[in-house]
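Open the model in your viewer and keep the sequence panel beside it. The tour below goes from one selection to the next and says what is there.

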Amino acid sequence: MERTISGMIGKGSINHNTRVFSAKNVNKERSGNNVEFCHEDLQTVYHRLFDEALERYNEKQQRKDRRIDNYYEKIRQGKQEKLFHEVIFQVGNMKDMNVQSDGGMLAKEILTSFMNDF
């Protein structure tokens, strides 16, 4: 069984991932077979993950111009960081593990088990 792990280079598009729009190479008839393990509003996630640390950071700043009002907006408007990163985990390929085969069902079970443990 072949395993590949690949990261994304570029801006990224949540709308593409959730199929709000589909690229030319996407078979829309098969999109219903996609399994989404995690999809949360990015701003909400940023607040949950970073607000406490941001508060501690801002308390230590003597100069007001170094304080950060909204970490999400700082990253969104910045040029050095990305708002999100994604990782794609794949088991097999479209020939031996396609969604319409027994192998595809096995791949789904493997990936679901992996995500539950992740």
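Which residues does Leu42 touch, not counting residues up to four places away in sequence? Select Leu42 and its contacts: they are Ile14, Tyr72, Leu83 and Phe84, where contact means heavy atoms within 4.5 Å.

Before going on, note that this is a predicted model, in which local features need pLDDT of at least 70 and side-chain atom pairs count only at pLDDT 80 or more, while totals for chains, interfaces and linings use all residues. Residues are numbered from 1 along each chain as its sequence is written, and side-chain values use heavy atoms, with hydrogens and water left out.

**Helix α2**

Select residues 42-60, which make up helix α2. Helices are DSSP runs (H or I, at least four residues), numbered from the N terminus. The 19 residues of α2 reach 26 Å from the first C-alpha to the last, close to the 27 Å expected at 1.5 Å a residue; the expected span is 1.5 Å times one less than the number of residues.

Go to Phe50, where α2 bends by about 55 degrees. The bend is the angle between axes fitted to the seven residues ending there and the seven starting there.

Now colour Leu42, Val45, Tyr46, Leu54 and Asn58, which are buried in α2. Buried means under 20% relative accessible area, exposed over 50%, and partly exposed in between (1.4 Å probe, protein chains only).

**The aromatic rings**

Select Tyr46, Phe50, Tyr71 and Tyr72, which form one aromatic cluster. Rings of Phe, Tyr and Trp (its six-membered ring) pair if their centres lie within 6.5 Å; planes under 30 degrees apart count as stacked, over 60 as edge-to-face and the rest as tilted.

The whole structure has seven aromatic pairs. One of them, Tyr46 with Tyr71, is tilted, at 6.0 Å centre to centre and 40 degrees between the planes. This pair links helix α2 to helix α3 (residues 71-77), across 25 residues. Tyr71 is partly exposed, at 27% relative accessible area, whereas Tyr46 is buried at 9%.

Next, show Tyr46 with Tyr72: the centres are 5.3 Å apart and the planes at 85 degrees, so the pair is edge-to-face.

**The nonpolar core**

Finish by selecting Leu42, Tyr46, Tyr72, Ile75 and Phe84, the five residues of the largest nonpolar core. Such a core is a set of buried Ala, Val, Leu, Ile, Met, Phe, Trp, Tyr and Cys residues joined through side-chain atoms within 4.5 Å.

How values were computed. Helix = DSSP H or I, 4+ residues; strand = E, 2+ residues; numbered from the N terminus.
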